[in-house]
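Hi everyone, thanks for coming. I'd like to walk you through one model today, starting with the whole chain and ending on a single residue.

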Amino acid sequence: MNSSTPSPQDATLRLFFALWPEGRALGSLGPWQEHAHALCGGRMMRAETLHLTLAFLGQATPEQAQALTAHTRADRIDEGEIELRHYGAFPRQGIVWAGPEADDPATQTLHGIHDRLWNRLQDLGWQRPDQAFKPHVTLLRKADCSALPAPMPEPVVWAYRHYVLVSSEPNKGMAQYRVLARSGADGG
């Protein structure tokens, strides 16, 4: 995960905002993935690509990316913690994920971060999607979602202090993620 500003010669970029796991959370996701893979098959996401998407923007110009980079660095969120406690799926897409409980107060905090972020993005001219926000971490793609495993005994505890703006760049048929900016990184 390296941090840089997009260069002017870049064509459009595919951007999203996310929480990125750090420390223990990253190591704790591996057993959840392996457990799900044993039942559902599919392709396990690479450890360096695991994240919780807060807002997917899609295609953006380098100028838009630069504006979003500046906005992200100037923004701050309160520190928090979530617990990924259960498996879920998006069957049509063949995705198996880990997520927090819907009624957990920490999940409501994530919804607040998501809403606040989209309110600011709309002020910058971005169109908010119609689908509801479902906090999750994609563990498997192209998986058989007909049956999901029982949750692992230990939830993944994920502490966060900031969110990141990420560019998803194709590389040999797989996405390479490049962190463009981290919230609160303006030093102010």
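Predicted model: local features only at pLDDT ≥ 70, side-chain atom pairs only at ≥ 80, totals over all residues.

Now the overall fold. You can see three helices and ten strands in the protein chain. Reading from the N terminus, the order is β-α-β-β-α-β-β-β-α-β-β-β-β.

What radius of gyration does the protein chain have? The value is 16 Å, and because a compact globule of 188 residues would come out near 16 Å, the two agree. Along the principal axes, the C-alpha atoms fill a box of roughly 45 × 40 × 30 Å. Of the 188 residues, 44% count as buried. Looking at contacts with a separation of 6 or more, 81% of them join residues 24 or more positions apart.

On charges, there are 18 positive and 20 negative ones, and their mean positions lie 6 Å apart.

Let's zoom in on Thr107, which sits in helix H3, residues 105-123. Is Thr107 buried or exposed? Its relative accessible area is 3%, and because anything under 20% is called buried, Thr107 is buried. Its side chain reaches the backbone oxygen of Glu101 at 2.6 Å. Leaving aside residues up to four places away in sequence, Thr107 touches Pro100, Glu101, Ala102 and Pro135.

Methods: Residues numbered from 1 in each chain as written. Heavy atoms only, no water. Helix = DSSP H or I, 4+ residues; strand = E, 2+ residues; numbered from the N terminus. Rg over C-alpha atoms; globule rule 2.2 N^0.38 Å. Buried < 20%, exposed > 50% of the residue type's maximum accessible area, 1.4 Å probe, protein only. Contact = heavy atoms within 4.5 Å. Lys, Arg positive; Asp, Glu negative; His and termini not counted. Charge placed at Lys NZ, Arg CZ, Asp CG, Glu CD. Polar contact = N/O pair within 3.5 Å; in protein donor to acceptor, adjacent residues only side chain to side chain.
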